[in-house]
Amino acid sequence: MSFISSSIGRKVAMSLSALFLISFLLLHVAINLLSVVSAEMYNEASHFMGTNPIVQFVMQPILILGVLFHFIMGFVLEFQNKSARPVKYEMKNDQGNSSWLSRNMIYSGLVILAFLGLHFYDFWLPEIQYKYIEFQAPDEHRYFAELVHKFENPTRVGFYAVSFILLMMHLLHGFQSAFQSLGVNNKFTPGIKKTAWAFSVVVPLAFVFIALFHHFNH
Amino acid sequence: MKIGANFPAKTPEGPIEDKWTSYKNKIDLVNPANKRLIDIIVVGTGLAGGSAAASLAELGYNVKAFCFQDSPRRAHSIAAQGGINASKNYMGDGDSDYRLFYDTVKGGDYRAREENVYRLAEVSGNIIDQCVAQGVPFARDYGGLLDNRSFGGVLVSRTFYAKGQTGQQLLLGAYSAMNRQIARGKIKMYNRHEMMDLVIVEGKARGIIAKNLITGELERHSAHAVVIASGGYGNVFYLSTNAMGSNVSAAWKIHRKGAWFANPCFTQIHPTCIPVSGDHQSKLTLMSESLRNDGRIWVPAKEEDVKAIRSGTLKPTAIAEADRDYFLERRYPAFGNLVPRDVASRAAKERCDAGFGVNATGEAVYLDFAAAVIRYGKEKALVTHQDANNEALVLELGREIIATKYGNLFQMYEKIVDENPYETPMMIYPAVHYTMGGVWVDYDLMTTVPGCYAIGEANFSEHGANRLGASALMQGLADGYFVLPYTIGNYLAKDIRTGAIPVDTPEFAAAEKGVQEQLERFINNKGSKPVDYFHKKLGKIMWDKVGMSRNSKDLKEAIEEIQAIRDEFYKEVKVPGDLDGFNEELAKAGRVADFLELGELFAKDALNREESCGGHFREEHQTPEGEAKRDKAFQYVAAWEHNGAPKDANLHKEMLDYKYIEVKERSYK
Amino acid sequence: MDLKLKIWRQKNAAAKGKIVDYDISEVSSDMSFLEMLDVLNRELTEKGDEPVSFDHDCREGICGSCSLQINGRPHGPDGGTTTCQLHMRKFKDGDSIVIEPFRAKAFPIVKDLIIDRSAFDRVQHAGAFISVNTSGNTQDANATPINKGDADHAFDAASCIGCGACVAACKNASAMLFVSAKVSQYALLPQGQVEREKRVTDMVSQMDEEGFGACTNTGACEAECPKGISITNIARMNREFIGSNLKS
């Protein structure tokens, strides 16, 4: 049995892709936060990310593959796990032994997937269109205005906020769980859990904050 | 009748410490290529059966192992708590093979065969080496070396342990050795199979009829030798510390086919069990004897305190030291709370019979850890440089130590009784635990049926009339790992040319037919009472009249009553369901039928033994202080030969001759 | 107390099962859960019905025979307890109790509440042993001192009773806690080092083959384990497995 077809191998792959996505999230929130501080700095950072060839042609594909891999493997595991109990219990009392968050990663994940779809539609597709289809001239100053524009619609802001709450829930279990899957459960675990908890709460809230900030300030 | 020329015990010549070695040097061996041609059936997968199956398979024999549980790992050896003895002398307290031998023979009240006991002591150290090599996680001290504790009836610390789960760890060790052989294809494992009868061909044990408990089908299995490792028969008392499925049937079937049954009345009543709570009770729970290392046993000294406790107006912790009767320490100052099990049990019964029992039924005494908590707490406070005069701290530290030593037992007690034993003394009462009696075997562990062996608790064993704590695990593993694998070769060496034993023979057909008829009889019986009704009734007679203290009148009554229940059983028993498929009631019916025969032989043996020794206490034979009074005339193994009905069983005597140990009064004062 | 029982009845592996209702009265709070079922079975037998089949043997929480999903939880509502050690004082008069077998693809139902856990045995056959002959000619037991901490952790892992509650509790019917307990025991002891890498790959491979799910780190297994086996063992097994794959 190959490593990646084993149950543990798959979990390890899930964890590694998760940690990669988490590191991306950190970068993403950092850049977005700049928009709250100064439109100029935000534009600069965005322009760099949007035009740097390494970011564009190396890191971006890796990121997309990482996202796809994480989702596909998530579904593969979900299918495998569901088929491990073909006949359901008449009564299952899970709240007595585990957290809701940990049992429903597939659902929080699905909402995030839906959100990512929207996100791509909102930001990534226009971006690709702008740069590679319409070949418009680079404009270092358009990013901030586009951002602000997206957060005008309250429904979109609402969905955006809900998605990040779901991401928070996904992270609350997933981040610390990744370490367990990678075999890290030792004296550092309490610290890891606290850090992961703080990250999982702070980062999604920061995204929500940014959305609300622009919604109400512009 | 004496054990005749047909069945000598076959003990080797020479000085006792050389017997086993010279035996091994002289026996016939089977060469490795020929071992592949030989099949062995092992019935039971506890410590004895599991270790035997693994060792025999490793030697190269084809082993078929049977257990009625869903996995060999669930055999009742798993429940043994306290520990396993070995004469390693790691503590440097003067232990030796001889001393272990001496303690075991004395502890058994001079009713065991000394050659077997010496061999047991000799291989005891190997067991520990073997188990450690297999990854059994015994308790260790801070230096990383193995820890030992002390058990009843001895003056050294030679008991190796793994918390209160030693049996579990040792059994899982044997199970792992089995797994290795199962993976190699050398053991074919038959889970959820029950042995229904022994098949004898031309005077030799050549197979068994087994029932697949899931499908209900009867199966014929042949082999060149059959090993019975099916454990003890304590469940003849209905309530015992045995597992619900523990039974005498495999041993009883071979008895009916010619194997003599020895000393059935030697039964161990264990002093530290959780008292009975009501009629619904299905089994009793043992609290390890290791608790007596630190627990002190007492009852109130004043009758008014007993009354107040029973009515709930007085708490045991409120009784002053001076008003407590630490009766074991009072009666046996040298050994105190660590007297052997039979002595401790009878002393508790004596106090309760005198009206000092501390629960509602009057059948319980206290086992108190308060003194140990304070002792350990103070020690820990000193070692960790804390205030040893701070009572709360000392209590807390002491309870922590007690928890590391006995945590699982305390937890178990609390689950069952709903009282916190860290705060209030435990209540305990004796219960049936182990049976020293069993199938008679010679030095080779072969029964009187050629090719049929009995090992572990199933045989009449090395424990005489009373087994010392932590010796059962030792004997089970000694038999399975280190004795039987040698001795069985001595017999099988003559079988290398026999070839596979066919199962389509009249002998197998007849045995299967007999089994089938009995099963049909149960299913078709038009009775009205469930199997348990009869089992409970039998158990009550056994406990009341053949229990901790016995007399001629009661025993005679018991024999008649058991006969009557047996008749009633066959008329009135109701077994639901059908022959096919899983049917636990049907399995139970077969087992209880055998208990109903064994029970009578048990009482008959107790009646025959006109002395008190070890766990067998005849009221007619006691010293003025109420201690057991042995009789030299009964210094023999009573081996019973089946002859139709238990009442007609023939007695054979194997006289016990002690050359290496002086037979003295067994005193623990 | 009087209780309403809803029990899964199923004639055999092939048959279709269903929940059947039974009323039982005069249950004493001192009874164990299985003794309560004994009473029910006696009544059923006397009425001429077939008693409810369930696995049980030692009734002192160590053999691992008993199972039962009671009101949605393996071994019932009481923590750190097997069904045989669960007492009726944990229930109230008038309670309704749903009793089902442990459910997993790898644990097919034999009859009523009895399941076939031989998958656990097969995982153990794959490597849960140290290949040492039972000759007794090994080195002296004290020749290799073992750090007390390691020995204690090995013991804690080894105290698994193989009941299957971890599988029953897990939303994925994963056997990771069971398998990791055994892997850990040997990984922690010097005796287990020689076959360390082969053991973990073989056992995990067999575990997957049996149809158990993967681990989602919900911790349900640890919470329901009657012996309190910790999921740190699962982390250790993951580590062992990753290490073993990196080396091979």
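**Chain and domain contacts in the predicted model**

**View 1. Chain A and chain B.** No contact joins chain A to chain B, and their closest C-alpha atoms lie 19 Å apart. Two residues are in contact if their C-beta atoms, placed from the backbone, lie within 7 Å. This is a predicted model, in which local features need pLDDT of at least 70 and side-chain atom pairs count only at pLDDT 80 or more, while totals for chains, interfaces and linings use all residues. Residues are numbered from 1 along each chain as its sequence is written, and chains are lettered from A and ligands numbered from 1 in the order in which they are written.

**View 2. The side of chain A that touches chain C.** Here 35 residues of chain A are in contact with 39 residues of chain C. At least two residues each come from α1 (7-37), α3 (53-83), α4 (100-103) and α7 (154-181) of chain A. Helices are DSSP runs (H or I, at least four residues), numbered from the N terminus. The most is given by α1(A), with five residues. By class, this side of chain A has 13 nonpolar, 15 polar and seven charged residues. Ala, Val, Leu, Ile, Met, Phe, Trp, Tyr, Cys and Pro count as nonpolar, Asp, Glu, Lys and Arg as charged, and the others, Gly among them, as polar.

**View 3. Chains B and C.** Of the two pairs of chains that touch, chains B and C have the most contacts between them.

**View 4. Two domains of chain B.** Chain B is divided into domain 1 (270-432) and domain 2 (504-636), with bounds from an automatic or database domain assignment. Their C-alpha centres lie 34 Å apart. Six residues of domain 1 of chain B are in contact with five residues of domain 2 of chain B. Helix α11 (residues 341-356) of chain B supplies the largest share of the domain 1 side, five residues. By class, that side has one nonpolar, one polar and four charged residues.
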